[in-house]
Amino acid sequence: MTKTRRRDGRDMARLLHDFGHELPRVPAPEPTPKDPRLFHYATRGGVKRRGRGWSPAKAPVSRWRMTSDQAPVLWPFVATPGLPPTGAQMGIDQLSGGSFFVDPLGWVLNDDISVTNPNIMQFGKPGRGKSGNTKAFCLRMMDFGYRTLILGDPKDEYEKLCRALGVEPFAIGPGMSARINPLAFGPLGQNWENLDRAEAQRRGAIIFGRWLTLVRGLVGSQRIGENRVPFGPTDEVVVKNALRSLTGYSAGASRLREITIPELWTLLDNPTEELIGECRYDSARHFLDETRLLRDALGQLVSGALAGLFDAHTTIDVDWMAPIQSLSLSRLDALGDDAMGIALTCLGSWGRGMREMAQPGDLRIVVRDEVWKQFRLGPEAVKAYDSDLRLSRAAGDIQWANAHKPSDPMSAGDQGSQAVAIAKDLMHLADVKILMGQDSAIGDELERILGLGPIARSLITGWGMQGKGRGLWVVGEQMYKVQTVLHPLERDLTFTNEAIESAA
């Protein structure tokens with residue numbers, strides 16, 4: 001006989017009811033209707049109905065092998081591996097949909113990124129957003145301890161930005177009080193009397209090497225008819241000995257004397273017996289005859305393009321702790337492209353001298369606008385710019401250069417010339433390139449000079465021309481389709497069409 005267990009007792013609701021209390025009744029939830037199916041999956045053979053593509057056999061599986069460069073052709077929505085989220089947040093990576101960060105020095109230190117130098121070259125048609133890109137980068141990198149140095153502002157584009165940060169730009173031009181001496185010693189000339197022999201020789205080699213590069217570029221910028229003035233090994237010996245004599249270095253002076261370009265020209269025009277002997281000339285007449293082109297070229301600079309601009313000691317007091325400093329060259333615009341190029345060369349040499357003993361952690365973005373005007377001065381001026389790019393990694397500087405199109409460096413000389421070869425090498429000294437919108441005629445040029453494929457060329461000449469701030473960022477071997485995003489306050493600081501707007 002099976003005993004059935006009796007369940008005695010009252011549940012909570014019954015117990016409360018017996019004592020005159022009632023639990024609130026909660027209505028049962030109504031069943032939620034199911035959403036209609038969005039996708040109806042079929043079997044591998046398909047649906048066995050008329051017109052449904054049923055097959056009694058399974059489709060063969062295809063296998064493909066390709067490189068990562070070829071894969072985006074078949075799978076265009078697969079994005080390039082993202083960069084680490086460090087540095088300035090510039091905008092949106094259109095391929096991945098994520099934020100795009102720029103950290104050139106961080107990329108150099110990261111072995112996973114194929115970047116060996118922090119230099120940046122930006123190309124783009126006027127009005128495509130180069131200026132906004134540059135200023136946004138400089139502003140946003142200030143949060144990470146970077147300061148900005150504008151080594152020549154030909155159009156006063158950075159004037160509004162400087163004043164917003166409480167800094168007044170230095171104006172250089174005829175009749176202005178500001179003077180820059182490109183032969184200034186810089187930090188390397190300080191405390192000279194306390195240096196030992198080895199350190200003095202090391203610093204002397206750097207200083208005179210920089211000056212020699214500058215003089216070579218300035219002399220090579222002058223023309224004899226259709227040709228540039230040559231600067232050979234003999235000219236180098238003459239200039240080097242003259243510089244050492246004027247500063248007192250050759251005489252072993254305990255304190256060197258700062259000189260100017262007019263002083264160098266005066267000594268070459270009136271050589272001393274010591275200089276003639278050191279340069280191995282028989283007589284003063286022999287010296288003057290052999291150095292005529294060199295002296296005439298320097299004389300043209302002293303009395304022409306450089307008159308009253310870079311021929312005196314520096315008169316400005318630069319606050320290197322300020323967030324930004326700018327040297328305005330807009331007053332030189334009426335003097336022509338050559339004068340502007342010579343000014344940019346002088347400022348480049350002076351700026352490099354000021355940064356030769358930068359303290360650790362003194363990080364700076366050095367912006368150079370209209371660099372094509374310097375390239376057109378010939379191979380020696382291109383070499384001067386080349387020196388600045390090569391030393392950027394040691395100084396901890398990010399060299400940022402703006403130009404209109406990748407062929408601008410090729411304007412340094414004739415096709416196949418030494419100047420063009422040097423200018424092509426410059427492209428490899430900037431591991432980061434920003435390619436903003438360009439006309440379709442530049443497409444073949446991009447593919448030839450930078451080795452870009454048809455997809456990148458189409459992106460630059462198509463998508464890049466449909467809005468400002470759109471560009472292809474080439475970081476080492478990787479490419480990123482980026483839309484720069486500006487804050488409304490940044491947009492006001494980066495606006496450069498005031499003259500056009502007021503005329504309209």
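Q: How do the residues lining the largest cavity divide into nonpolar, polar and charged?
A: They divide into 2 nonpolar, 5 polar and 2 charged. Ala, Val, Leu, Ile, Met, Phe, Trp, Tyr, Cys and Pro count as nonpolar, Asp, Glu, Lys and Arg as charged, and the others, Gly among them, as polar. This is a predicted model: local features need pLDDT of at least 70, side-chain atom pairs count only at pLDDT 80 or more, and totals for chains, interfaces and linings use all residues. Residues are numbered from 1 along each chain as its sequence is written, and side-chain values use heavy atoms, with hydrogens and water left out.

Q: What makes a space a cavity?
A: On a 1 Å grid over the protein atoms alone, a cavity is a set of points where a 1.4 Å probe fits but cannot get out. The structure holds 2 cavities of 30 Å³ or more. The largest has a volume of about 50 Å³.

Q: Which residues line the largest cavity?
A: Lining residues have an atom within 4 Å of a point. Thr213, Leu214, Thr345, Gly348, Ser349, Arg352, Gln374, Ala384 and Asp388 line the largest cavity. Helix α12 (337-354) gives the most, with 4 residues.

Q: What lines the second largest cavity?
A: Leu151, Leu344, Arg368, Asp369, Val371 and Gln374 do. By class, that lining has 3 nonpolar, 1 polar and 2 charged residues. The volume of this cavity is about 30 Å³.

Q: Why is α6 called roughly perpendicular to α11?
A: The axes of α6 (residues 197-220) and α11 (residues 292-303) cross at roughly 85°. Angles of 65 to 115 degrees count as roughly perpendicular. Therefore α6 is roughly perpendicular to α11. The two axes come within 9 Å.

Q: Which residues of α6 and α11 meet?
A: Val215, Leu218 and Val219 in α6 meet Leu294, Ala297, Leu298 and Leu301 in α11. Contact means heavy atoms within 4.5 Å. By class, this contact has 7 nonpolar, no polar and no charged residues.

Q: What makes the pair Arg140 and Glu490 a salt bridge?
A: A salt bridge is a side-chain nitrogen of Lys or Arg within 4 Å of a carboxyl oxygen of Asp or Glu. In Arg140 and Glu490, the closest N and O atoms are 2.6 Å apart. Arg140 lies in helix α4 (residues 130-141) and Glu490 in helix α19 (residues 488-493), so the pair ties together parts that are 350 residues apart in sequence.

Q: How many salt bridges does the structure hold?
A: The structure holds 21 salt bridges.

How values were computed:
Axes are lines fitted to C-alpha atoms, for helices over the stretch in contact, and angles run from 0 to 180 degrees between N-to-C directions. Helices (H or I, at least four residues) and strands (E, at least two) are DSSP runs, numbered from the N terminus. Angles under 35 degrees count as roughly parallel, over 145 as roughly antiparallel, 65 to 115 as roughly perpendicular and the rest as oblique. On a 1 Å grid over the protein atoms alone, a cavity is a set of points where a 1.4 Å probe fits but cannot get out, and a pocket is an open set with protein on both sides within 12 Å along at least five of seven lines; lining residues have an atom within 4 Å of a point. Grid points are joined across faces, edges and corners, and a volume is the space filled by probe spheres set on the points.
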